[in-house]
Amino acid sequence: HREFKRWEEAAQVYLHSAHLIAQYLSFVYNHQSSTVRRRVAQLSPSAFDHVCPNAAAQPPLATSSAEGQFQDTLWSTAALLSHIKEAVKCLLLASMQERALDVLGILSDVNRNERMYPELSYTLDWMKSVCEIITDKDKGAQKEKFAPRYYRVA
């Protein structure tokens, strides 16, 4: 999708992937020892419901011996964060700033819960810049929308 500049579809692919990674990490967190839990971000897959409603309709991951079915590098906290960031970039390229803010909210929740404060600061700055884009667009739209027009009534 990125190759053909279908940014909205590319963002949905990243969000679906992030949803699956969150589902796997949630399984690992709930079924593993405390040492494994410390290495896994705790993010409920339901956090994606409002930004990617179709993800909940997908079949769940297999839970039997799931530890052996997944590669750690692809199904990790780092991969989860990477997919969320890429989704935001695609949403911004698609001019979907409000949806990008929703996804950045998920990212900030992960950063806050995992006490990743430098990343949280970066995410909040990113949210600020997106809000400024929205504000600038709204100002331009209001100027066009509320421009004085005079009609002669006979």
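A disulfide is a pair of cysteine sulfur atoms within 2.5 Å. By that criterion, this predicted model holds zero disulfides. Local features need pLDDT of at least 70 and side-chain atom pairs count only at pLDDT 80 or more, while totals for chains, interfaces and linings use all residues. Residues are numbered from 1 along each chain as its sequence is written, and side-chain values use heavy atoms, without hydrogens and water.

**View 1. Confidence along the chain.** The mean pLDDT (the predictor's confidence in each residue, from 0 to 100) is 77 for the chain, with 69% of residues at 70 or more. Helices are DSSP runs of H or I with at least four residues, numbered from the N terminus. Confidence is lowest in helix α2 (residues 34-37), with a mean of 47, and highest in helix α3 (residues 77-93), with 93.

**View 2. Residues 35-40.** Here pLDDT stays under 50. For this stretch the model has ten contacts (heavy atoms within 4.5 Å) beyond four places in sequence.

**View 3. Packing of α3 and α4.** The axes of α3 and helix α4 (residues 97-113), lines fitted to C-alpha atoms over the stretch in contact, come within 9 Å and cross at roughly 160°. The two helices are therefore roughly antiparallel, a class for angles over 145 degrees between N-to-C directions, on a scale from 0 to 180. Residues meeting across the pair include L81, I84 and V88 in α3 and V103, L104 and L107 in α4.

How values were computed. Angles under 35 degrees count as roughly parallel, over 145 as roughly antiparallel, 65 to 115 as roughly perpendicular and the rest as oblique.
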